[in-house]
Amino acid sequence: MATIHIEDVSKNFGTFHALKNIFLSAEDKEFTALLGPSGSGKTTLLRTVAGLEQASSGRISIGAMRVDNLAPKDRHLAMVFQNYAVFPHMTVADNISFGLKTKGALKEYIAEHTQRTAALLHIEDVLHKYPNKLSGGQRQRVSVARALAVQPQVLLMDEPLSNLDALLRLEMRSELKALLKKSETTTLYVTHDQIEAMSMADKIAVMNNGEIMQYGPPEEIYFKPKHEFVARFIGSPPMNLFTVQTLKTVNKKTFAVINNDIAFVIEASLKTKIQENFDACGVLVGIRPEQLSFKGSASHAKTFADASTIQSEVLTIEQLGSNTLLVLKSNEILFRVMEKYGIKIDLNDRVTFGYQPNQLSWFGKDSGMHIEA
Amino acid sequence: MKELNKVMPYLLLAPSVVFLVFFFFSPFVETFFIAFKNAEGGYGLHSFRKMYDDLNFFVALKNTIFLLFAVVPLQLVLAVWMSLTLRKIKKFRGAILYIWTIPLGISDLAAGIIWLSILTERGYLNTIFLNLGFIEKPELWLSYEHPLLLFAAVAIAEIWRSLALVLLIIIAGLQLIPKEYDEAADVFGAGAFRKLFRVTLPLLKPSIQSALILRSILALEVFAVAVAIGGTNLPVLASEAYNWMANYLDYGVASAYALVLLALSIISTLGYLFFLRTPADAA
Amino acid sequence: MRKKAILYYGLGIFFCLSVLLPIYFLIVLSVSGRDAVYAWPKIFYVANLDWSMFRFFFEVEGVTRAMFNSVLVASLTVVFAIGLGTPAAYALARYNFFGKNFYRIAILFTRAFPVAILALPLTVRFINLGIYDTIWAVVIVHTALALPFSILIQSNLFQSVPKELEEAAWLLGCTKLQAFFKIMLPICMPSVAATAIFAFIISWNEVFAAAVLTVKNRTLTAFLISQISESPLFFQITGSFFLVIPTLFFIFIVRKYLFSLWGITNK
């Protein structure tokens with residue numbers, strides 16, 4: 001059990017910068033998800049912590065020990081691979097006990113501990129089988145058992161569920177979460193699946209182009225994206241982002257005008273910051289599809305007097321079971337709204353949506369950075 | 001740690017590099033020196049002149065090249081034919097393929113002797129001919145009086161022995177061709193021969209190329225088969241190199257012969273690379 | 001459809017017979033005695049078993065030694081071809097380094113060399129080194145012939161093993177060397193063994209270099225070819241019998257690996 005400190009780690013492959021000045025500190029027993037699209041550097045970061053890749057610069061510590069110059073075997077960590085990497089020429093029991101044997105544990109301890117770990121993952125019935133006789137799900141369990149058997153200080157997992165079918169993945173997700181909570185192992189978990197990250201992790205590091213765009217608890221990542229990229233990447237459907245055309249003050253309220261139909265109220269506390277950004281390089285405003293609420297059909301033209309609403313026409317309606325996804329069109333601008341099932345609405349209706357001004361996210365247009373008071 | 005990882009691959013390669021430099025590449029370079037060395041110690045074409053004046057040189061050159069042309073194309077045709085036949089066979093496929101590849105392990109010397117025992121005066125072939133009424137008494141075919149038959153016997157032994165290599169390469173290539181291509185051709189009503197020439201063979205071109213390159217290099221080196229069957233009556237380049245070396249102890253001329261062999265190998269390889277090249281955009 | 005199947009199987013059997021009959025004749029002649037070799041007309045089966053040719057064969061001076069030398073040379077060739085080839089193959093399969101492509105091409109390039117071009121200058125060198133006419137001279141040339149094979153085949157093999165298997169072993173406390181011996185080698189063992197058998201066959205069958213590099217310390221092939229103009233046919237036939245039988249057995253063992261061993265020529 002230990003903390004992980006990653007300080008200013010960079011990794012170059014020739015002229016390609018796979019990791020750029022990464023800082024990350026995971027607490028003891030914490031579950032951290034590295035989330036990002038493919039090629040974002042999340043697996044490289046994990047492999048660098050494991051020692052399978054050498055960092056070009058920076059330091060990595062596990063607990064109080066600096067490990068970036070140690071061989072993988074001396075780092076006291078274990079890893080679960082995307083393709084499981086179960087040794088095909090060994091039985092399940094030999095796979096699970098492999099780490100204990102190389103570390104020279106006592107025979108009785110190995111036997112007992114192997115049995116216990118196998119029981120934890122419900123594979124005690126297949127201990128004497130070879131991996132080619134196992135299903136994908138069982139192989140996955142063997143690979144987790146093998147990693148946990150050595151009681152590592154840190155557990156690294158690289159997309160461990162991505163090769164399972166959808167149903168099994170769901171089942172394994174909750175089981176894994178409970179298991180890791182119980183084993184109290186500090187975990188770094190690479191995934192490209194945001195639902196997986198959201199549901200399992202204590203903290204999420206969202207990565208893009210070799211950088212950590214945001215690092216924090218799931219709710220913060222979701223509701224308070226620090227960067228335009230995070231806003232676009234997280235959420236399904238993702239956040240609606242609008243380019244602000246002008247800023248206009250009416251009745252002491254300042255509006256960010258998108259077009260004739262759409263304008264968002266700016267909270268007083270943000271006014272100057274947004275004005276500065278707008279003058280410098282433009283501003284984006286974002287709101288999540290489920291944060292827009294249906295206020296009824298609109299017959300009259302929009303006036304700036306009624307704050308906190310926007311208008312547009314319904315382009316498509318998709319029934320998603322408990323929810324209904326609407327795609328709306330206002331001039332050339334498209335955006336999405338998620339409503340509860342049963343909303344009375346028709347194609348081409350002109351409708352009004354309301355929002356809470358404090359739920360709006362503001363970003364500098366060029367920098368992508370979140371604008372805060 | 002970081003440094004060791006950089007050096008590691010070179011450490012791993014070092015033994016093989018040292019070995020190959022010392023026992024492969026440096027002898028290769030040395031062959032040139034030996035071949036171009038004159039008796040007085042200077043360098044010149046002395047050995048090549050001697051080789052050129054050797055009565056056997058043009059015979060050996062002719063035999064070697066003719067054998068190449070007799071053996072390799074026929075092997076290719078047979079290999080394609082056999083592998084297409086195998087494609088249609090479901091049961092006992094593995095057993096048949098195993099039998100076909102047996103000669104892969106048979107030494108060229110043994111192959112020569114085996115065919116000698118079949119084709120000799122009192123051999124199995126003549127016994128069959130006797131039973132069929134073609135001949136009445138043992139006939140000696142493999143003598144200097146029948147150079148063409150001698151040549152044919154060596155060619156047959158060579159084809160028999162090394163067909164398996166071509167076959168393996170062609171079958172491996174055929175397995176890479178998706179069955180859909182075959183089916184697509186069927187849908188368009190292509191006849192068997194049209195399909196072979198328009199679909200299968202063009203797709204097989206890379207395999208055909210590597211089979212031809214490899215086989216031609218080996219065919220040019222033909223030695224033991226020719227010696228076993230033809231003795232001194234069917235000289236080839238390799239057997240002449242052997243004679244000049246083992247019997248006349250003239251390394252210069254032997255090396256000159258070896259260089260001629262090398263030149264032919266390179267020419268044939270470049271030829272296949274050029275004539276069977278795949279256009280870059282079609283790859 | 002039926003007719004076609006008969007045609008295909010007919011062809012298949014025809015080609016099988018073409019391969020098998022000459023070997024069958026060799027075996028029949030070898031065990032039928034000296035008289036059968038010269039008999040006219042020939043009998044197509046073993047009329048009465050007669051081992052006299054074998055006895056004669058082994059009584060000829062130099063034969064036992066030549067056979068022993070052949071086994072020794074081929075075994076040592078295997079040791080060197082695998083011993084030198086395995087690390088190099090591993091480097092090719094698992095590392096990216098400057099000069100990798102050059103090395104690979106140089107190895108492929110060796111295939112274009114006639115043996116003659118190796119054997120001749122090496123004779124001169126071996127005389128200077130004092131190992132001319134020893135089995136070591138032959139072992140070295142045969143290793144030079146088998147090593148490129150061994151490197152290319154094994155590097156393909158190692159590459160086909162997911163690197164995560166080794167990485168998992170490293171993380172579970174193995175050094176790189178331990179991981180290689182505990183994970184990589186056991187997984188590849190059958191194919192490495194097949195490669196070894198191939199190296200053995202290459203050496204066992206090689207004639208030219210063995211004949212040029214030895215005078216007294218002959219291998220079986222060198223012994224047979226040096227005697228070929230003087231020795232009687234029945235002696236040559238027995239010699240061929242002993243050349244062919246071990247390789248028949250070996251080809252049978254490696255039959256499953258023929259494609260992975262030769263598929264490489266497609267690159």
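**View 1. Chain C against chain B.** Here 72 residues of chain C are in contact with 77 residues of chain B, where contact means that two C-beta atoms, placed from the backbone, lie within 7 Å. On the side of chain C that touches chain B, helix α1 (residues 2-30) of chain C gives the most, with 12 residues. Sorted by class, that side of chain C has 56 nonpolar, 12 polar and four charged residues. For the classes, Ala, Val, Leu, Ile, Met, Phe, Trp, Tyr, Cys and Pro count as nonpolar, Asp, Glu, Lys and Arg as charged, and the others, Gly among them, as polar. Keep in mind that this is a predicted model: local features need pLDDT of at least 70, side-chain atom pairs count only at pLDDT 80 or more, and totals for chains, interfaces and linings use all residues. Residues are numbered from 1 along each chain as its sequence is written, while chains are lettered from A and ligands numbered from 1 in the order in which they are written.

**View 2. Around Ala36(C).** Ala36(C) sits in helix α2 (residues 34-38) of chain C; helices (H or I, at least four residues) and strands (E, at least two) are DSSP runs, numbered from the N terminus. Leaving out residues up to four places away in sequence, Ala36(C) touches Leu29(C) and Ile43(C). Val46(C) is 10 residues from Ala36(C) along the chain, with 9.1 Å between their C-alpha atoms.

**View 3. The open sheet of chain A.** Six strands line up as β6-β7-β8-β3-β9-β10 in chain A, with mixed pairing; strands pair if DSSP finds at least two bridges between them. At the edges are β6 (77-80) and β10 (211-216) of chain A, each pairing on one side only. Direction ignored, neighbouring strands of this sheet are turned by 15° against each other on average. Strands β7 (residues 154-158) and β8 (residues 186-191) of chain A pair in the parallel sense over five bridges, and Met157(A) stands opposite Tyr189(A) in β8(A). Helix α4 (residues 136-149) of chain A lies across β6 and β7 of chain A, running at about 175° to β6(A). Axes are lines fitted to C-alpha atoms, for helices over the stretch in contact, and angles run from 0 to 180 degrees between N-to-C directions.
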